[in-house]
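Subject: Structure handover

Hello,

Here is the structure I promised to pass on. Please open it first, then read my notes below.

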Amino acid sequence: MRWSTIADAAAPLSTPLAVALGDPAGIGPEITAKAWERREAEGLAPFFAVGSPEALRAVWSGPVAVVSGPDEAAACFDRALPLIRVEGAADSAPGRPTLDGARNSLDALEIAVGLTRSGAASAVITGPVSKAQLYAIGFVHPGQTEFVAERCGIASGMVAMMLAGPTLRTVPVTTHIALRDVPEVLTTELIATRGRTTIRGLRRQFGIERPRIAVAGLNPHAGENGALGREEIDIVIPAIERLREEEDAEIIGPLAADTMFHPRMRATYDAALCLYHDQALVPLKTLHFDEGVNITLGLPIVRTSPDHGTAFAIAGQDKAEPGAMIAALSMAADCARRIGQA
Ligand SMILES: NC(=O)C1=CN([C@@H]2O[C@H](COP(=O)(O)OP(=O)(O)OC[C@H]3O[C@@H](n4cnc5c(N)ncnc54)[C@H](O)[C@@H]3O)[C@@H](O)[C@H]2O)C=CC1
Ligand SMILES: NCC(=O)COP(=O)(O)O
């Protein structure tokens with residue numbers, strides 16, 4: 001791994017990590033159980049799951065200890081996967097999402113975030129949820145990122161979604177909106193705001209004192225001096241100039257998005273600020289799908305998530321690879337240690 005996020009790998013956390021299991025019909029329960037099985041080999045800090053016991057039982061026959069709170073969880077982590085029970089998903093089955101299952105995933109998220117905000121857990125790791133299912137039960141946020149921000153009292157515009165892997169970190173300036181809306185939504189202010197949150201997050205969560213940020217262009221060849229689109233000239237370059245004036249950071253760009261992710265370029269920056277969802281997530285998931293972490297910057301708490309989704313088609317078949325969940329647990333512990341020492 002080229003970038004270390006380790007603050008002090010030996011330092012124990014004062015409280016365990018909270019893992020919301022995600023949609024009970026998805027692969028969240030399976031990858032959480034597999035991460036627990038690998039806890040010693042991976043050097044994972046103690047964690048507990050929050051979610052449906054039936055969902056866990058449907059995919060795993062290992063030891064589960066139903067606990068009433070994080071203190072009990074820390075005490076039994078060595079011998080069983082601690083679980084704070086969340087009712088309401090008894091009818092859910094792997095690969096067959098239901099609206100009750102979506103409600104259960106939201107309840108689990110609420111409890112895990114609350115325990116982290118109170119300090120009873122050191123960080124929250126959110127398992128994959130189905131956005132379509134959540135929208136169907138009236139969830140008004142674009143994703144878990146904005147939900148967690150709201151619960152922490154932070155305006156959703158002030159947080160940033162970072163996707164982080166061993167050799168690349170990317171931050172999309174716009175996230176879950178239609179591609180056709182991106183040019184309308186992009187403004188100099190929005191790019192500068194995400195840039196500031198990214199710079200501060202790299203300092204606070206990753207210990208990089210003078211972050212190096214590469215800003216992507218929107219158009220082919222970053223607009224070719226305006227011949228292929230004017231967004232770089234009118235919107236992106238003013239944002240870069242503002243960040244250079246205001247922040248103690250190195251800002252390069254706008255860069256052509258097709259050539260900014262090869263290994264020599266990746267070595268020149270700590271995070272790529274990308275202008276829309278797929279510009280940021282395609283390179284990250286192509287390079288690091290099984291170890292990619294979604295981390296929310298700008299929160300008072302640490303929140304990470306595996307980079308992938310619910311994978312309903314493979315749920316309950318013992319096909320789910322737990323690498324991204326393990327990476328999300330490791331990064332959450334590293335960031336919690338770093339923030340605790342700051
Ligand atoms: N962190 C979260 O809560 C996220 C949730 N989602 C949600 O997940 C749902 C499904 O999204 P998709 O675009 O289909 O993405 P997906 O990540 O669930 O699946 C994409 C492909 O990767 C495979 N895959 C995913 N994770 C895997 C793992 N750990 N091991 C082995 N194979 C794995 C799947 O089988 C599928 O072929 C959507 O409703 C979306 O909203 C998507 C991304 C992140
Ligand atoms: N594509 C990333 C994703 O869907 C994760 O979103 P969030 O639920 O963590 O906000």
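What follows is a short tour, from confidence to domains, ligands and a few individual residues.

Confidence

This is a predicted model. The protein has a mean pLDDT of 95. Of its residues, 96% reach 70 or more. The exception to keep in mind is residues 1-8, where the pLDDT is below 50. That stretch still has 15 contacts in the model beyond near neighbours in sequence. For the complex, the predictor gives an ipTM of 0.97. The pTM is 0.95.

Domains

The domain assignment gives two entries. Domain 1 is written in two pieces, 1-158 and 300-342. Domain 2 covers 160-298. Their C-alpha centres lie 27 Å apart. Domain 1 puts 28 residues into the contact, and domain 2 puts in 24 residues.

Which elements give two or more residues to the side of domain 1 that touches domain 2? They are helix 6 (144-151), strand 12 (303-306) and helix 12 (323-341). Helix 12 gives the most, with eight residues. By class, this side of domain 1 has 15 nonpolar, eight polar and five charged residues.

Ligands

Start with ligand 1. There are 20 residues around it. Those that come nearest are Lys131, His308, Gly309, Ala311 and Glu321. The shell around ligand 1 holds ten nonpolar, seven polar and three charged residues.

Now ligand 2. Around it are Gly143, Gln144, Thr145, Leu281, Asn294 and Ser305. Five of the residues in this shell are polar and one is nonpolar. None is charged.

Annotated positions

An unreviewed UniProt entry carries a "binding site" annotation. According to that record, the annotation covers Thr145, Lys285, Asn294 and Arg303. Thr145 and Asn294 are also among the residues around ligand 2.

Two of the annotated positions deserve a look.

- Lys285 is in helix 11 (residues 277-288). Lys285 has 18 other C-beta atoms within 10 Å, so it is partly exposed. Leaving out residues up to four places away in sequence, Lys285 touches Gly292 and Asp307.
- Asn294 is in strand 11 (residues 293-297). Is Asn294 buried or exposed? It counts as buried, because it has 24 C-beta neighbours inside 10 Å. With residues up to four places away in sequence again left out, Asn294 touches Met161, Leu163, Thr304, Ser305 and Asp307. Ser305 also sits in the shell of ligand 2.

A residue in helix 6

Phe147 belongs to helix 6, one of the elements on the side of domain 1 that touches domain 2. Phe147 has 21 other C-beta atoms within 10 Å, so it is buried. Apart from neighbours within four places in sequence, Phe147 is in contact with Leu109 and His141. Thr174 is 27 residues away from Phe147 along the chain. The C-alpha atoms of these two residues are separated by 16 Å.

Backbone points

Some backbone geometry is worth checking on screen. Most residues other than glycine have a negative phi, and most peptide bonds are trans. The following places depart from that pattern.

- Where is there a cis peptide bond? One joins Gly253 and Pro254, with omega about -5°. Pro254 is found in strand 9 (residues 250-255).
- Ala222 has a positive phi, near 50°. Ala222 lies in the loop between strand 8 (212-216) and helix 9 (231-246).
- Glu224 also has a positive phi, near 50°. The place of Glu224 is in the loop between strand 8 and helix 9.

Ala222 has 25 C-beta neighbours inside 10 Å, and the cut-off for buried is 20 or more, so Ala222 counts as buried. Glu224 has 13 other C-beta atoms within 10 Å.

Where to look first

Keep residues 1-8 for last, as their pLDDT is below 50.

Best wishes

How values were computed. Residues are numbered from 1 along each chain as its sequence is written. Chains are lettered from A and ligands numbered from 1 in the order in which they are written. This is a predicted model: local features need pLDDT of at least 70, side-chain atom pairs count only at pLDDT 80 or more; totals for chains, interfaces and linings use all residues. A residue is near a molecule or strand if its C-beta atom, placed from the backbone, lies within 6 Å of it. Ala, Val, Leu, Ile, Met, Phe, Trp, Tyr, Cys and Pro count as nonpolar, Asp, Glu, Lys and Arg as charged, and the others, Gly among them, as polar. pLDDT is the predictor's confidence in each residue, from 0 to 100. Two residues are in contact if their C-beta atoms, placed from the backbone, lie within 7 Å. Domain bounds come from an automatic or database domain assignment. Helices (H or I, at least four residues) and strands (E, at least two) are DSSP runs, numbered from the N terminus. A residue is buried if 20 or more other C-beta atoms lie within 10 Å of its own, exposed if 12 or fewer, and partly exposed in between; C-beta atoms are placed from the backbone. UniProt positions are given in the numbering used here, feature names are shortened, and annotations may be inferred rather than shown by experiment.
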